[in-house]
Amino acid sequence: MTDGAVARNYALVGAALLISIVPLPRLLDLWQPPWLAVALIWLVLAAPENARLAVAAAAGLLQDLLVGSPLGLYALAATVLVFLAANMRPRIVSSPPWLRFLLAMLILAAYLGVVVLIGGWFGYVGSWAGIANSLMSGGVLILIAFLFLKV
Amino acid sequence: MTRGTATLKADRFRRRKGLSRAGECLLICLLSFGLLVVEANFPAIQKVRGIGELILVPVQATVRLFSGGFRGVQGYFRDQSSLMRENRELRTRLLRQDVDLQQMAVLKTENEELRSLHTLNAQLGSNNLTAETLPANPDPSRHRVTLNKGSRQGAYIGQPVVGSGGVVGQVTRDYLVTSEALLISDASHALPVMFERTGLRAIALGTGRRDHRLLLPFVPSHADVIQGDTLVSSGAGGLFPAGLRVGVVEDVRNSPAEAFLEAFVSPSANLESPRQVLLLRSEPLPPAGEPGPANGESPGAAAAGS
């Protein structure tokens with residue numbers, strides 16, 4: 001993979017981070033998708049050699065700083081996500097599209113579960129309803145990524 | 001190298017790589033968890049966080065700039081939509097008020113008509129019957145109206161019908177609670193009239209035309225008839241009291257070769273859509289001063305309904 005492609009992949013993760021702090025209209029705000037998680041899943045599937053755990057942790061840490069969550073929360077969740085996605089990648093890429101989507105959703109659910117459980121433990125309030133919204137909007141994003149981006 | 005050996009080597013590599021990844025993951029997770037614990041228990045780390053956020057200030061500023069633009073666009077569309085909504089509401093209100101205004105104009109006309117009818121009623125005697133027209137005309141080729149007063153209320157055949165502008169017609173059918181009046185513009189109606197200016201008498205025949213014009217036949221061609229002359233009822237025949245306004249001469253056709261001229265009269269009363277009318281009872285006004293000799297009036301031509 002060329003340096004340009006690597007830079008493009010990391011830029012995508014950076015863009016996901018930036019988008020996650022852009023205030024959306026009130027109606028869409030409830031459906032704020034987990035941009036970083038989706039970007040990381042895409043990175044693992046499309047460019048596994050760039051999907052390093054350290055990169056995921058750094059991106060998660062940046063998200064912690066950007067959104068004001070407890071330091072380490074998103075770092076931990078992003079690391080778990082990349083680990084799971086990287087281990088499941090061979091199965092994911094060889095599966096039919098519906099199973100591929102299902103597995104990606106499973107990884108996303110794990111990521112969101114970590115955020116809610118660990119965050120809740122450290123006083124970072126998150127609701128299951130919000131998680132469900134994020135899961136759904138994240139699912140839509142994953143579908144779009146699978147349809148329009150080369151995975 | 002056989003295919004089986006290659007697969008085995010790849011599996012070993014993957015497993016080894018997987019193990020190292022698991023270790024790395026564990027390490028990072030522990031570190032992250034440690035960070036969480038430290039932040040939760042040592043508030044001093046907030047300073048470190050503050051430094052970290054300081055680094056991110058330009059990023060946040062950029063995002064704010066971007067989202068400000070987004071909000072600006074959003075605000076533009078919101079303003080646009082609120083303006084459109086407001087515009088819609090105002091249009092609806094305008095339409096409603098326009099309808100109100102139209103109703104007001106109708107009421108004003110009606111009020112004026114009622115006032116003049118009231119005055120006329122006072123002039124003609126107070127025991128006249130006020131009636132309203134009903135929207136029913138079974139034969140559009142005939143000029144007649146249905147009134148909401150019948151024989152029970154005192155309407156009778158041959159009763160003169162007068163509107164705010166002048167003579168409207170006469171009752172030709174009296175039912176129990178409604179009656180039918182023939183308008184003076186109907187082709188079968190004739191009305192003895194008199195020129196207000198000269199006292200010349202004539203018969204005004206209905207033409208049955210849609211413009212409700214009346215025709216004055218058999219007026220000698222040398223008679224002094226000009227456009228704008230006012231016609232009133234002459235009282236001849238005893239049906240219509242004298243002095244009621246009938247119409248204004250609109251057109252005079254006088255040919256020297258002919259013995260009679262033709263004059264067309266525009267009725268004073270609203271015959272197109274009369275609303276309130278008076279049914280006169282047999283108490284005619286005292287005959288107005290009848291200037292000049294009777295001229296051109298057929299002796300037997302009383303108001304006649306078919």
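Visitor: In what order do the elements of chain A run from the N terminus on?
Guide: The model is predicted: local features need pLDDT of at least 70 and side-chain atom pairs count only at pLDDT 80 or more, while totals for chains, interfaces and linings use all residues, and side-chain values use heavy atoms, without hydrogens and water. Residues are numbered from 1 along each chain as its sequence is written, with chains lettered from A and ligands numbered from 1 in the order in which they are written. Chain A has seven helices and zero strands, where helices (H or I, at least four residues) and strands (E, at least two) are DSSP runs numbered from the N terminus. From the N terminus on, the elements of chain A therefore read α-α-α-α-α-α-α.

Visitor: What share of the 151 residues in chain A is buried?
Guide: Buried means under 20% relative accessible area, exposed means over 50%, and partly exposed lies in between, with a 1.4 Å probe and protein chains only. Among the 151 residues of chain A, the buried share is 49%.

Visitor: Of the contacts in chain A between residues at least 6 apart in sequence, what share joins residues at least 24 apart?
Guide: A contact is a pair of heavy atoms within 4.5 Å. When the contacts in chain A are limited to residues at least 6 apart in sequence, the share joining residues at least 24 apart is 68%.

Visitor: How much area is buried between chain A and chain B?
Guide: The interface brings 29 residues of chain A into contact with 25 residues of chain B. Buried area is the accessible area (1.4 Å probe) that two parts lose on being put together, summed over both. Carbon and sulfur atoms give 80% of it, and the area between chain A and chain B is about 2,400 Å².

Visitor: Which residues of chain A lose the most area to chain B?
Guide: Three residues together account for 26% of what the chain A side buries. Those that lose the most area to chain B are A:Leu65, A:Leu71 and A:Phe122.

Visitor: How do the residues on the side of chain A that touches chain B divide into nonpolar, polar and charged?
Guide: Helix H4 (53-67), helix H5 (73-93) and helix H6 (97-121) of chain A each supply at least two residues of that side. Ala, Val, Leu, Ile, Met, Phe, Trp, Tyr, Cys and Pro count as nonpolar, Asp, Glu, Lys and Arg as charged, and the others, Gly among them, as polar. The residues of that side divide into 23 nonpolar, five polar and one charged.

Visitor: Which residue of chain A has its backbone nitrogen 2.5 Å from a polar atom of the side chain of B:Glu39?
Guide: B:Glu39 is in helix H1 (residues 3-41) of chain B and is buried, with a relative accessible area of 11%. Leaving out residues up to four places away in sequence, B:Glu39 touches A:Pro70, A:Leu71, B:Ile45, B:Gln46 and B:Arg49. The backbone nitrogen at 2.5 Å from the side chain of B:Glu39 belongs to A:Leu71.

Visitor: Is B:His212 buried or exposed?
Guide: Most residues other than glycine have a negative phi. B:His212 has a positive phi of about 60° although it is not a glycine, and lies in the loop between strand S7 (201-206) and strand S8 (214-220) of chain B. At 10% relative accessibility, B:His212 is buried.

Visitor: Is B:Phe218 buried or exposed?
Guide: B:Phe218 lies in strand S8 of chain B and has a positive phi of about 55°, although it is not a glycine. With a relative accessible area of 53%, B:Phe218 is exposed.

Visitor: Which residue has its backbone oxygen 3.1 Å from a polar atom of the side chain of B:Gln159?
Guide: B:Gln159 sits in the loop between strand S2 (144-147) and strand S3 (160-162) of chain B, and it is buried at 0% relative accessibility. Beyond four places in sequence, its contacts include B:Gly154, B:Val171 and B:Leu280. The backbone oxygen at 3.1 Å belongs to B:Leu280.

Definitions and conventions
Polar contact = N/O pair within 3.5 Å; in protein donor to acceptor, adjacent residues only side chain to side chain.
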